[in-house]
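Subject: Structure for you

Hi,

Here is the structure I promised. Please open it first, then read my notes below.

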Amino acid sequence: MKWIYIAHFLLLIRLIVADHRRIPTTLDGPFLPVTRRFDPSLRRGSDDLPLDHPRLRKNVSSNFPEQIALAISTPSSMWVSWVTGDAQIGKNVTALDPSSIASEVWYGKESEKYTSVRRGLSTVYSQLYPFEGLLNYTSGIVHHVRIDGLDPETKYYYRCGDSSISALSKEHVFKTLPVPSKSSYPHRIAIVGDLGLTSNSTTTVDHMVKNDPSLILMLGDLTYANQYRTTGGKGASCFSCAFPDAPIRETYQPRWDGWGRFMEPLTSRVPMMVIEGNHEIEPQISGITFESYLTRFAVPSAESGSNSSFYYSFNAGGVHFLMLGAYVDYNATGAQYAWLKEDLSKVDRSLTPWLVAAWHPPWYNSYASHYQEFECMRQEMEHLLYEHHVDIVFSGHVHAYERMNRVFNYTLDPCGPVYITVGDGGNIEKVDVDHADDPGKCPSAGDNIPEIGGVCRLNYSSGPAEGKFCWNTQPEWSAFRESSFGHGTLEVTNSTHALWTWHRNQDMYKDDSHGDQIYIVRQPGACSPTAKVASVSILS
């Protein structure tokens with residue numbers, strides 16, 4: 001009989017191990033809040049890479065393309081962007097002539113056999129300051145070409161540049177994404193925010209490359225060029241602390257060029273969809289803002305009917321993505337809200353079952369940093385996303401990781417989106433470690449004022465934190481949080497299940513290791529308007 005007991009014991013052990021390895025799903029929630037504290041053996045941050053670093057310095061002659069990047073235009077077309085010429089920085093700068101060099105992309109389905117060519121537009125921008133001692137900048141020539149007629153899930157080889165002067169890039173290759181369909185999805189989507197250009201940023205990008213994404217969502221705060229004076233030198237983790245006498249929030253624009261080179265090995269073969277963050281504001285002469293962001297990136301704004309690079313939408317297989325702007329008007333009376341309402345009304349969930357939204361600052365955030373900073377935006381827009389059953393919301397801004405339970409209006413709700421903050425890309429400002437519910441860490445009235453937009457501080461009206469601005473413990477809507485650098489991946493497996501994985505940088509060289517992993521499960525029938533009404537009737 002002894003062997004029977006041993007066999008039962010071994011079976012029990014196997015079942016326990018199997019259950020431990022089982023990936024949880026959102027149907028198992030809501031989860032009790034969990035905090036994994038910052039690992040003190042790690043550094044909270046690192047300095048920026050210098051511009052003469054091999055991954056940041058210019059390695060082509062003036063007329064040849066560099067900083068090559070792809071972005072989705074439509075399911076059958078792609079934007080190709082690059083820079084030629086030499087940027088200038090100094091007291092007096094003269095803009096280059098964009099018409100001095102052509103913008104061409106030669107492409108085809110076989111290597112070195114290009115059956116199509118498309119031509120596009122080119123432009124330059126300047127960052128100018130009316131203050132004594134500050135240096136001005138004018139960019140190289142920025143090119144944007146839209147190539148079309150692309151077949152889905154197909155490899156294309158391309159060169160970009162100007163063939164008339166034999167100044168084409170080396171050959172690059174990309175694979176198109178699936179067409180909208182409930183049965184076709186991108187292989188893997190990488191999501192990262194607040195990346196910067198530090199050694200931690202390098203680890204993040206290398207980790208992304210290792211994970212082999214077919215699409216990248218970049219959630220704002222890209223280069224942190226505004227952590228510098230216009231004269232360059234050493235960047236600071238806190239600009240106002242290091243440079244209290246600066247007449248304006250300066251930027252060192254060559255950091256943008258370094259970032260474009262840094263990202264090119266990835267973005268020249270994988271489309272990257274960007275949205276603006278606060279570090280892209282970059283004020284200059286005459287109140288001009290966002291000039292770098294608006295000039296350097298092509299996004300499908302016209303294609304999605306927004307006509308603004310601050311907000312737009314696109315499809316990738318069976319996923320409809322909403323990229324929203326937090327640093328432009330988000331009020332219900334504004335253009336962005338009207339566009340969003342129209343865009344949502346057109347979504348066909350039989351073709352794109354998944355609805356994913358992204359913007360820079362989070363609405364739900366239990367860290368002290370940026371706590372309730374964009375409460376005004378939440379109050380204006382949240383109900384619209386909820387009514388249209390948005391499945392997942394990604395944000396950055398907070399330099400840490402946090403995944404929420406499904407929530408609506410600060411109340412646990414099985415039909416609310418899963419909000420995820422992944423602003424831990426590795427930038428110079430360091431990782432955030434304090435929580436608003438930690439003793440003595442609840443922000444004061446003067447903290448967390450947004451650069452653009454109003455202030456709508458809110459005390460909770462019910463629950464354990466009733467009447468308070470901050471919880472005394474981790475809020476019930478916060479399922480898991482950890483202070484560490486990293487990025488996330490989303491693998492949509494079918495019309496109801498998507499695997500979300502948060503990859504910590506310190507786990508890069510470990511096999512099958514991750515900081516957080518869960519299947520996000522859609523329940524379209526359970527969260528239909530009819531089902532919601534029935535549920536309310538039963539509860540009442």
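Contact here means heavy atoms within 4.5 Å. Keep that in mind for the neighbour lists. Note also that this is a predicted model.

Asn 505 first. Asn 505 sits in the loop between strand E27 (497-504) and strand E28 (516-521). Leaving out residues up to four places away in sequence, Asn 505 touches Asn 200, Thr 203, Thr 204, His 207, Phe 485 and Gly 486. Its relative accessible area is 10%, so Asn 505 counts as buried; the cut-off is under 20%. Pro 98 is another matter. Asn 505 and Pro 98 are 407 residues apart in sequence, and their C-alpha atoms are 40 Å apart in space.

Next, Asp 391. This residue also has a loop position, between helix H7 (375-387) and strand E20 (392-395). Is Asp 391 buried or exposed? Asp 391 counts as buried, because its relative accessibility is 7%. Its contacts, again without residues up to four places away in sequence, include three arginines: Arg 349, Arg 406 and Arg 522. Asp 391 also touches Pro 353, Trp 354, Leu 355, Pro 417 and Val 418.

Now helix H4, residues 254-267. H4 has 14 residues. From first C-alpha to last it reaches 19 Å, close to the 20 Å expected at 1.5 Å a residue. Where is the kink in H4? It lies at Arg 261, shortly before the proline Pro 265, and is about 25°. Of the 14 residues of H4, 13 are buried, so the rest of the structure largely encloses this helix.

One stretch carries a record label. The unreviewed UniProt entry annotates residues 65-176 as "domain: Purple acid phosphatase N-terminal". In the model, that span is 52% strand and 0% helix. Its end C-alpha atoms lie 22 Å apart.

Finally, the whole chain. The protein chain has 8 helices and 28 strands. Its C-alpha trace spans about 80 × 55 × 55 Å along the principal axes. The radius of gyration is 24 Å; a compact globule of 540 residues would have one near 24 Å, so the two agree. Of the 540 residues, 55% count as buried. Among contacts with a separation of 6 or more, 72% join residues 24 or more positions apart. The chain exposes about 22200 Å², and carbon and sulfur atoms supply 54% of that.

Best wishes

Notes
Residues numbered from 1 in each chain as written. Predicted model: local features only at pLDDT ≥ 70, side-chain atom pairs only at ≥ 80, totals over all residues. Heavy atoms only, no water. UniProt positions renumbered as here; feature names shortened; annotations may be inferred. Helix = DSSP H or I, 4+ residues; strand = E, 2+ residues; numbered from the N terminus. Buried < 20%, exposed > 50% of the residue type's maximum accessible area, 1.4 Å probe, protein only. Expected span 1.5 Å × (residues − 1). Bend = angle between axes of the 7 residues up to and from the residue. Rg over C-alpha atoms; globule rule 2.2 N^0.38 Å. Areas by Shrake-Rupley, 256 points an atom, 1.4 Å probe, with all protein chains shown as cover.
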